Every structure is written in structure tokens, then in C-alpha cells.
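Please keep the sequence and the structure in view while reading.

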Amino acid sequence: MPGWLSAGGWGLLAGSALVMGALAGYLVRVPPKVIASVMAFGGGVLLSAVSFDLIADANERGGLLPTSLGAVVGALAYTLSNVALARRGARHRKRSGELQPSEDAHPGSGTAIALGALLDGIPESIVIGTSLLGGGAVSVTTVVAVFISNVPEGLSSAAGMRRAGRGRVYVFGLWSAIALASCLASIFGYSLLGDASTSALAAIAALAGGAILAMIADTMIPEAFDDAHLWTGLIAVLGFLAAFSLAQW
């Protein structure tokens, strides 16, 4: 199988979890505490993947200073983009409650939410694609971590979209498009970065790690804490250990 096709398949698999989560969040009345708990677990899983698959790998390839700079640049780029989208109505795109604005209340918020969802998923997918470079096997830990974390993201956001009055066509069309974008981002990571140097790949991993860490802090943990409250930390640790254990196999 061509490498680019394999990369796209893994990216699509990880992205498909968003559609699965959205189906559950939109069609089933999932209790808010359950959504928050699953979000906390997914946040812990991603934290583990960032720590041991992205940042540690970047440090091993490029050293501490380039890794630190890359992570800060990634976090800054994500934060600035997130601020711009938040002003247009996407601030609470992962919230399952009544914080998401309707299109009537905030015109253009639907487009902003769609762009925000795309912003959240692209760094993860690019990393999946680059993990296949050099003829290596895909990072199973990263794929599993992204898949697990995508389920609560889709679930929580779709539940909020339903409460904001957004229809099924919009919700499922959005998450299907994001899943497809995840596939294309993985292909991009594999195809266009194939000639990148070891230092460049380390920088990309650090950039993605910084962006994902910022995303967890800005969108996933706040949603989890809203309803899980004092259990958020414990559940996140369980998710972290689950992903860490997988990486040791």
C-alpha cells in the first residue's frame, strides 16, 4: 500500500471518532456529567500522547531549546487563532451545555465553530502522517490517543449544537468534513514533509505538541470541569495512565 494512502487511512480512522461522538451527542441524551467525565479522560489521553510521543520525540531529535521554542510557537499560533475565532462565536464550541450561541444570537458563529473544530484537529492529523515517514510504522499510541480524545470532542460539541438549535445536516456534515480533513492533513504530513530534515520533523512535532496542549487547556479541561468538578483531575490521570500503558507495550 502506498505510504500516502496508509497515512490517509490512519488519519481518517482517528477522525471518524468525531463522527461517532457527534452521533451519540446529537441523537442520545447523554448526561452532562458523563460527557464531562469522558472529556476529562480524553484530555488525559492526549496529555500522555503529547508528553511521550511528541515532545519527548522532538527533544530526542532536536534538543531541548528547539523543542521548547517549537512548542511555544505552536501554542501561540493556536491561541491567536482561537482568540480570533472566539470573537466570532466559537469560544464554547466543545461545550455540551447552553453556552454555544445559536446562529440567530450570533450570526456567523456556525462558520466560526466549524473553523474552530478544524483548528483543533489538524495538528494531530499531521503528526499521524509524519510518523510514517522513513518507512516506519504508524505511531499506534498517537492514533489511539487521538481517536479516544475525538469521541468526547464530537460528543460534547454536538450536544451543545443541538441545544443551540443547529440541525442534523449542519452537525453531521461538519463532523464528516472534519474527519475528511483529518485524512487529508495526514496525507499532507506524509507527502509534503517526506524530504524534511530530522530537525524540521522535530520542530513540527514540537509545534503540534504545543498546539494540542493549548487546545486541551483552552477547550477540553474547561468543559470537563464544568460538570465533573473535583473528579476531573482523577479521571484525567486515569486517561493519562491508560495511554502511557499502551505506549509501553
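## Basis and overall fold

Helices (H or I, at least four residues) and strands (E, at least two) are DSSP runs, numbered from the N terminus. This is a predicted model, in which local features need pLDDT of at least 70 and side-chain atom pairs count only at pLDDT 80 or more, while totals for chains, interfaces and linings use all residues. Residues are numbered from 1 along each chain as its sequence is written, and side-chain values use heavy atoms, with hydrogens and water left out.

The chain has eight helices and zero strands, and its pattern along the sequence reads α-α-α-α-α-α-α-α. Of the 249 residues in the chain, 49% are buried, where buried means under 20% relative accessible area, exposed over 50% and partly exposed in between, with a 1.4 Å probe and protein chains only.

## Helix packing

Helix H1 (residues 3–27) and helix H6 (residues 168–191) have axes that come within 7 Å and cross at roughly 160°; such axes are lines fitted to C-alpha atoms, for helices over the stretch in contact, and the angles run from 0 to 180 degrees between N-to-C directions. H1 is therefore roughly antiparallel to H6, given that angles under 35 degrees count as roughly parallel, over 145 as roughly antiparallel, 65 to 115 as roughly perpendicular and the rest as oblique. The crossing of H1 and H6 is right-handed, a term used if the near helix is turned clockwise from the far one by less than a right angle, with left-handed used if anticlockwise. The contact of H1 with H6 has 18 nonpolar, nine polar and one charged residues, where Ala, Val, Leu, Ile, Met, Phe, Trp, Tyr, Cys and Pro count as nonpolar, Asp, Glu, Lys and Arg as charged, and the others, Gly among them, as polar.

For H2 and helix H8 (residues 232–247), the axes lie 7 Å apart and the packing angle is about 45°, which means that H2 is oblique to H8. The crossing of H2 and H8 is right-handed.

## The second largest cavity

A search of the whole structure finds two cavities of 30 Å³ or more. On a 1 Å grid over the protein atoms alone, a cavity is a set of points where a 1.4 Å probe fits but cannot get out, and lining residues have an atom within 4 Å of a point. Grid points are joined across faces, edges and corners, and a volume is the space filled by probe spheres set on the points.

The second largest cavity holds about 60 Å³ of space, and its lining has seven nonpolar, one polar and two charged residues. Among the lining residues are Leu 46, Asp 53, Glu 124, Thr 142 and Ile 212. Helix H2 (32–62) and helix H5 (140–163) each supply at least two residues of this lining, and the largest share, five residues, comes from H2.

## Residues paired across the sequence

Val 143 is found in helix H5 and counts as buried, because its relative accessibility is 4%. Val 143 and Gly 11 are 132 residues apart in sequence, yet 7.8 Å apart in space, C-alpha to C-alpha. Arg 163 is also placed in helix H5, but it counts as partly exposed at 37% relative accessibility; Arg 163 and Tyr 26 are 137 residues apart in sequence and 9.1 Å apart in space, C-alpha to C-alpha.

Ser 131 lies in the loop between helix H4 (109–130) and H5, and is partly exposed, with a relative accessible area of 23%. From Ser 131 to Ala 7 there are 124 residues in sequence and 8.7 Å in space, C-alpha to C-alpha.

Terms used. On a 1 Å grid over the protein atoms alone, a cavity is a set of points where a 1.4 Å probe fits but cannot get out, and a pocket is an open set with protein on both sides within 12 Å along at least five of seven lines; lining residues have an atom within 4 Å of a point.
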